[in-house]
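Below are some notes for a colleague who has not seen this structure before. They are set out as numbered points.

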Protein chains: 2
Amino acid sequence: MPDAPLDDLIGLLARLPGLGPRSARRAALALVRKRRVLLEPLAAAMADVAEHARECLICGNIGTSERCDICTDPKRDPTTLCVVESVADLWAMERAQVFRGRYHVMGGTLSALDGIGPEDLNLPRMAQRIADDSVTEVILALGATVDGQTTAHYIADMLEDRGIPVTSLAQGVPVGGELDYLDDGTITAALSARRQMR
Amino acid sequence: MPDAPLDDLIGLLARLPGLGPRSARRAALALVRKRRVLLEPLAAAMADVAEHARECLICGNIGTSERCDICTDPKRDPTTLCVVESVADLWAMERAQVFRGRYHVMGGTLSALDGIGPEDLNLPRMAQRIADDSVTEVILALGATVDGQTTAHYIADMLEDRGIPVTSLAQGVPVGGELDYLDDGTITAALSARRQMR
Ligand SMILES: [Zn+2]
Ligand SMILES: [Zn+2]
């Protein structure tokens with residue numbers, strides 16, 4: 001059995017998403033073996049994040065100040081608002097390096113199963129931003145799940161009388177995806193959204 | 001894109017075994033969300049382990065002092081020595097709560113592929129302990145892999161002239177294992193080590 005401090009570390013590591021008890025033990029041993037190059041820097045990085053990370057008051061992104069780098073970037077178009085479920089999804093969009101507007105993080109999706117209603121999402125702030133920033137398009141970049149699509153329809157209905165386009169990401173075959181590996185729903189969506197090529 | 005401190009944290013988390021870039025990002029977000037209950041305790045636990053964890057000078061286990069809890073426990077029989085590849089394997093043996101002797105951590109196995117020879121393992125110290133503690137049985141609890149078994153045979157040969165039993169863990173069907181899910185090698189080993197039941 002590991003000694004007490006190591007046991008505490010393993011118990012905490014096992015609470016991270018993606019790490020079970022077994023991988024937490026392996027991670028803890030790797031940390032002890034790589035004390036100078038991994039354990040000490042990681043402890044310092046965590047202390048740093050604990051002290052400095054905070055939620056952007058405008059969009060809900062995680063940054064180090066009250067307004068995140070995206071919300072304060074004058075080169076990002078404030079009139080195009082991309083609505084995402086989570087900060088992880090915001091990062092995924094940013095990695096694609098294709099969107100130059102601003103974001104709004106909902107903090108989840110509507111979910112009857114999990115008892116998440118409209119009042120649990122960051123909706124009033126979104127409505128406020130759309131008015132304040134004279135938003136001309138709202139892009140709903142929500143997951144192609146039942147809850148994601150329910151949320152997308154809810155927001156589209158909510159914004160109906162604003163008179164601005166509300167769009168959503170296309171569903172279809174992922175780039176590099178082989179049809180053989182796709183579920184029926186994706187193939188159905190890709191077929192019904194088929195585009196004319198010539 | 002995450003801000004700099006969070007980016008550092010994600011980069012370090014991604015170097016843990018079992019965490020790729022994607023799960024490192026998810027883990028970092030979970031840490032930020034659970035600052036008080038997860039991030040701060042984890043940073044503290046890591047600092048604690050960085051300061052206190054050390055290798056037992058006798059057996060190679062990880063503990064908080066020069067001699068680990070097992071090596072200093074008078075109730076553990078020093079004349080039965082269980083040889084394991086790694087500290088993770090020592091912990092696995094301890095979880096089974098069935099062995100009451102002491103351990104010796106080799107720090108790996110012989111591996112032609114990885115260029116690991118006898119001089120890279122903790123062998124001289126093992127030989128010394130066998131003599132000093134009047135060891136009466138050496139149990140080789142090494143993996144049922146080619147390298148593990150090569151190492152077991154090497155150690156058995158090395159200890160041939162000591163005149164003490166050198167045993168190894170039985171190979172066979174794991175408890176709860178269904179034959180349908182086992183590889184051929186395990187079935188072969190289980191069959192050749194079959195036991196008479198009546
Ligand atoms: Zn922001
Ligand atoms: Zn020890």
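1. Domains. Chain A falls into two parts, domain 1 covering residues 4-52 and domain 2 covering residues 62-196. Taken over C-alpha atoms, the centres of these two domains of chain A are 33 Å apart. Please keep in mind that this is a predicted model.

2. Zinc donors. Which protein atoms are the donors of the zinc ion (ligand 1)? They are the SG atoms of A:Cys56, A:Cys59, A:Cys68 and A:Cys71, which lie 2.3 to 2.4 Å from the ion. Along the sequence, the donor residues follow the spacing C-x2-C-x8-C-x2-C.

3. Zinc geometry. The site of the zinc ion (ligand 1) is tetrahedral, and the angles among its four donor atoms run from 105 to 115 degrees. For four tetrahedral donors, the ideal angle at a metal is 109.5 degrees.

4. A:Cys59 counts as buried because its relative accessibility is 2%, the cut-off for buried being under 20%. A:Cys68 is buried as well, with a relative accessible area of 1%.

5. Helix H2 of chain B. This helix spans residues 21-33, which makes 13 residues. From first C-alpha to last it reaches 18 Å, close to the 18 Å expected at 1.5 Å a residue.

6. Surroundings of H2(B). The buried residues of this helix include B:Ser23, B:Arg25, B:Leu29 and B:Val32. What do the buried residues of H2(B) pack against? In chain A, the partners are helix H3 (35-52), strand S2 (62-63) and helix H4 (87-96). In chain B, they are helix H1 (4-13) and helix H3 (35-52).

Notes:
Residues numbered from 1 in each chain as written. Chains lettered and ligands numbered in written order. Predicted model: local features only at pLDDT ≥ 70, side-chain atom pairs only at ≥ 80, totals over all residues. Heavy atoms only, no water. Donors = N, O, S within 2.8 Å, 3.2 Å for Na, K, Ca; no water. Tetrahedral: all angles 85-135°; square planar, octahedral: opposite > 155°, others 65-115°. Buried < 20%, exposed > 50% of the residue type's maximum accessible area, 1.4 Å probe, protein only. Domains from an automatic or database assignment. Helix = DSSP H or I, 4+ residues; strand = E, 2+ residues; numbered from the N terminus. Expected span 1.5 Å × (residues − 1). Contact = heavy atoms within 4.5 Å.
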